[in-house]
Amino acid sequence: VGAAASVPCPICADPELRLVTYVFGHRLPAHGRCVADAAELCAGRFAQLLREEGTAPTIIAAVLPAANVPGRAARNLEALQTLVPVESFRTLVAAVERIVRIVPEGTEPVYDEARLVLPEETALLGLVRSMPAGDTTSLTDFAAQAGGLADAVETFFDKVLVNDPDEDVRRSRLGLLAAIRAAAPADIDWSALYVAERQRVGTGS
């Protein structure tokens, strides 16, 4: 925890001195809380500001991955205010969340196109080819460029057995889905966003 200091401890002369940051405030212990680094401090402060503004906890969680770049997180939050009421975006969120939930963490977005021959596979492959990398696209641009993706993903899961007995086919199908996950903006927590949408529907808001 913390960052290595450039000088030894002035009290005990221990050369392994590390600098840590404590934060104090409402809802924190009286002795404060240690934060590991500046990114955590920035994220905590950003989340606190959103809570004070009355932002739903699930929406805060959805944009928090970008909190170390507050301008980006604020743009994501602004985009969500416009996108969440749109039906096509809600189905896109459900599709991406399903992929995030099903595809094992660490699965590389690599596939053998020769193994993807079913109509549902080739349709999804065509959409993937036209999508930019998730670390370069904004949430608004992704939503605009992902037209048809949600329906294609739903059809894929309905008609295609992802965990095919053939290892090469299974690997390619998972890699194709991982490519969609990689194309989605990486600074959005899609699972939290999906929960936020479910809660919104449940309350009728």
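1. E197 is buried, with a relative accessible area of 6%; buried stands for under 20% relative accessible area, exposed for over 50%, and partly exposed for values in between (1.4 Å probe, protein chains only). The side chain of E197 meets that of R90 in a salt bridge, at 3.1 Å from N to O. A salt bridge here is a side-chain nitrogen of Lys or Arg within 4 Å of a carboxyl oxygen of Asp or Glu. R90 also counts as buried, at 18% relative accessibility. The pair links distant parts of the chain, with E197 in helix 9 (residues 190–203) and R90 in helix 4 (residues 87–102), 107 residues apart. Helices (H or I, at least four residues) and strands (E, at least two) are DSSP runs, numbered from the N terminus.

2. The model is a predicted one: local features need pLDDT of at least 70, side-chain atom pairs count only at pLDDT 80 or more, and totals for chains, interfaces and linings use all residues. Residues are numbered from 1 along each chain as its sequence is written, and side-chain values use heavy atoms, with hydrogens and water left out.

3. On confidence, the mean pLDDT of the protein is 82, and 75% of its residues reach 70 or more; pLDDT is the predictor's confidence in each residue, from 0 to 100. Confidence is lowest in strand 3 (residues 21–23), with a mean of 48, and highest in helix 8, at 96. Where pLDDT is low, the predicted coordinates should not be read in detail.

4. The structure holds 11 salt bridges. One of them joins E121 and R173, whose side chains meet at 2.5 Å, N to O. Because E121 lies in helix 5 and R173 in helix 8, the pair ties together parts that are 52 residues apart in sequence. Both ends are buried: E121 has a relative accessible area of 0%, and R173 one of 7%.

5. A network of salt bridges links D112, R115, E167, D168 and R171. D112 is found in the loop between helix 4 and helix 5 and counts as partly exposed, at 37% relative accessibility. The side chain of D112 reaches the backbone nitrogen of A114 at 3.0 Å. D112 and R173 are 61 residues apart in sequence and 8.8 Å apart in space, C-alpha to C-alpha.

6. T107 likewise has its place in the loop between helix 4 and helix 5. The side chain of T107 reaches the backbone oxygen of P104 at 2.7 Å. Leaving aside residues up to four places away in sequence, T107 touches L174, G175, A178 and R181, where contact means heavy atoms within 4.5 Å.

7. The buried residues of helix 5 (residues 119–129) are E121, L124, L125 and V128. Seen down the helix axis, they fall within an arc of 105 degrees, so they line one face of helix 5; the arc is that of the directions from the helix axis to the C-beta atoms. What covers these residues includes helix 7 (149–159) and helix 8 (167–183).

8. In helix 7, the buried residues are L149, A150, A152, V153, F156 and F157. They cover an arc of only 165 degrees around the axis, which puts them on the same side of helix 7. On the other side, D151, D158 and K159 are exposed. The cover over the buried residues of helix 7 includes helix 4, helix 5, helix 6 (139–145) and helix 8.

9. The structure holds two aromatic pairs. The rings of F142 and W190 have their centres 5.8 Å apart and their planes at 65 degrees, so this pair is edge-to-face. It links distant parts of the chain, F142 in helix 6 and W190 in helix 9, 48 residues apart. F156 and F157 also form an edge-to-face pair, at 5.8 Å centre to centre with 80 degrees between the planes. Rings of Phe, Tyr and Trp (its six-membered ring) pair if their centres lie within 6.5 Å; planes under 30 degrees apart count as stacked, over 60 as edge-to-face and the rest as tilted. F142 and W190 are buried, and both F156 and F157 are buried.

Technical notes. Polar contact = N/O pair within 3.5 Å; in protein donor to acceptor, adjacent residues only side chain to side chain.
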